[in-house]
Amino acid sequence: MSTSATLLENYFHLFIPGSSNAAETLFLLHGTGGDEYSLLDIAKMLMPQANILSVRGNVLEGTYNRFFQRYADGTFNQADLKRQTQALKNFIITAAKHYQLNQTKICAIGYSNGANITANLLLTSPQTITTAILFRPTLPAKPAISPNLQTTKVLIVSGTNDQLVQPELATELSTLLKNAEANVKLVWREAGHQLDYQDIDIAHQWLTETVL
């Protein structure tokens, strides 16, 4: 097991092989201020036998790691979001080849900022990732063209008391994905922005019913 981050396609990341011949890979994308270690415990609870590919955002906001830039008022830098989404797509393709992973068996698990760039990847680069769990996402940007997401499965877990995400934007993200024919489940919890064990239970049940 590797516990030291290595660099690939300009991303520091961890790759932890799963059990023998594991087909599934959990691709972890942390929230603002996190790193490649932040979601490891959650991944092991969700699917202990899976490979783990965990990436560190390569944009700094002060000392905080992020996956794309935002302005001082909290709005997203759309040009950088586009650039960083393409960079993340390139990383996934390269990492799948490098670690000999089945790209169709990669499930992205994103939290907050990590969920937002994953959502943008789904909407702008279909088939790069076809399974995703998005914890506390917002709608990062509306795609110019609706993608074809017929083979894509997405779980969104949002909090009714989340002060960082407008509920209507999480709902609009779900609607956009559904209109693109993705299989989407949106779960609302009486919770804030932070994750807890109930989030993990919801995700574990969804993975068991939908992926395994």
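What we have is a predicted model, in which local features need pLDDT of at least 70 and side-chain atom pairs count only at pLDDT 80 or more, whereas totals for chains, interfaces and linings use all residues. Residues are numbered from 1 along each chain as its sequence is written, and side-chain values use heavy atoms, with hydrogens and water left out.

Let me start with the interior. A nonpolar core here is a set of buried Ala, Val, Leu, Ile, Met, Phe, Trp, Tyr and Cys residues joined through side-chain atoms within 4.5 Å, and buried means under 20% relative accessible area, exposed over 50%, and partly exposed in between, with a 1.4 Å probe and protein chains only. The largest such core has 38 residues, and the members that touch the most others are F27, F91 and L177. A second, separate core holds 25 residues, including L28, L39, C107 and L155.

E9 lies in the loop between β1 (6–8) and β2 (11–16), where helices (H or I, at least four residues) and strands (E, at least two) are DSSP runs numbered from the N terminus. Most residues other than glycine have a negative phi. E9, however, has a positive phi, near 50°, and N10, in that loop between β1 and β2, has a positive phi of about 70°. E9 counts as partly exposed because its relative accessibility is 40%, while N10, at 56%, is exposed.

Now to the strands, which we count as paired if DSSP finds at least two bridges between them. Strand β7 (residues 106–111) pairs with β8 in the parallel sense over five bridges, and within that pairing C107 has T131 as its bridge partner. Between these strands the chain passes through α3, and the β-α-β crossover is right-handed, meaning that, with the strands pointing away from the viewer, the path from the first strand over the helix to the second runs clockwise.

On its other pairing, β8 runs parallel to strand β9 (residues 153–159), again over five bridges, with T131 opposite K153. Which residues of β8 lie on each side? T131, I133 and F135 are on one side and A132 and L134 on the other, and all are buried.

Finally, helix α3 is mostly covered, with 11 of its 12 residues buried.
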